[in-house]
Amino acid sequence: MTIPTQTLLVNGKNFTINADPNMPVLWVLRDIIGLSGTKFGCGSGLCGACTIHVDGAPMRGCLTSLKHVVGKQVTTIEGVEAERLKEKWAEHNVPQCGYCQAGQIMSAAALLAKTPQPTDGQIDEAMSGNICRCGTYPRIKAAIKAAVTENAEA
């Protein structure tokens, strides 16, 4: 079987990829391109550690195959523009072990891009697919709300 050459747009840069079109994009990002910020967690799309954006929408990198992202903009934690959110994350001491944080931030950034002034319910819904083994959910929510408040004041 011949492996096709494909061009993948990641964080605004084009990458030429020689990989099976059915390969999960998580492994393309980590093993071929070398972007290790997106984490492998469960491999079943249940924990959210592998969350990336595809054309701005949050998707699970472990379940999304390469063929489904060719021709689309893929954004990883290394390329997401969410500095205010990241600052609030640090101010609220959200990370403990840090493993889930890339996925958490990617889901929160997608929420704020779509809904700049989310309600508590919208925050809960958007973040419900991300698991934090350290249990920092109250701090995650506080950081999102602080970023929203600061966005409203800006």
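Author: The domain bounds used here come from an automatic or database domain assignment. With those bounds, the protein is divided into domain 1, residues 5-75, and domain 2, residues 83-153. Residues are numbered from 1 along each chain as its sequence is written, and side-chain values use heavy atoms, with hydrogens and water left out. This is a predicted model, in which local features need pLDDT of at least 70 and side-chain atom pairs count only at pLDDT 80 or more, while totals for chains, interfaces and linings use all residues.

Now to the contact itself. The centres of domain 1 and domain 2, taken over C-alpha atoms, are separated by 22 Å. Contact means heavy atoms within 4.5 Å, and 15 residues of domain 1 and 10 residues of domain 2 take part in it. The size of an interface is often given as the accessible area lost when the parts come together. Here, about 920 Å² is buried between domain 1 and domain 2, with 57% of it on carbon and sulfur atoms; that buried area is what the two parts lose on being put together, found with a 1.4 Å probe and summed over both.

What about pairs across the interface? Five residue pairs, both residues at pLDDT 80 or more, are in polar contact between domain 1 and domain 2. A polar contact is a pair of N or O atoms within 3.5 Å; within protein, one must be able to donate a hydrogen and the other to accept it, and residues adjacent in sequence count only if both atoms are side-chain atoms. Two elements of domain 1 each give two or more residues to the side that touches domain 2: strand S3 (51-54) and strand S4 (57-60). Of these, S3 supplies the largest share, three residues. Helices (H or I, at least four residues) and strands (E, at least two) are DSSP runs, numbered from the N terminus. By residue type, the side of domain 1 that touches domain 2 has six nonpolar, seven polar and two charged residues. In that grouping, Ala, Val, Leu, Ile, Met, Phe, Trp, Tyr, Cys and Pro count as nonpolar, Asp, Glu, Lys and Arg as charged, and the others, Gly among them, as polar.

Between S3 and S4 there is a loop that holds Asp-55. Asp-55 has a positive phi of about 50° although it is not a glycine, and it is exposed, at 51% relative accessible area. Buried means under 20% relative accessible area, exposed over 50%, and partly exposed in between, using a 1.4 Å probe and protein chains only. Asn-11 is another non-glycine residue with a positive phi of about 50°. The loop between strand S1 (5-10) and strand S2 (13-18) is where Asn-11 is found, and Asn-11 is partly exposed at 24%.

Another loop, between helix H1 (25-33) and S3, contains Gly-37. With 15% relative accessibility, Gly-37 counts as buried. Leaving aside residues up to four places away in sequence, Gly-37 touches Arg-30, Ile-77, Glu-78 and Ala-102.

Finally, the salt bridges. Side chains of opposite charge can pair when their charged atoms come close. A salt bridge is a side-chain nitrogen of Lys or Arg within 4 Å of a carboxyl oxygen of Asp or Glu.

Another pairs Glu-91 with Lys-88, whose closest N and O atoms are 3.0 Å apart. Glu-91 is exposed, with a relative accessible area of 52%, whereas Lys-88 is buried at 8%.

Asp-120 and Lys-145 also meet in a salt bridge, at 3.0 Å from N to O. Because Asp-120 lies in helix H4 and Lys-145 in helix H5, the pair ties together parts that are 25 residues apart in sequence. The loop between H4 (120-127) and H5 (137-153) holds Thr-136, which is buried with a relative accessible area of 0%.
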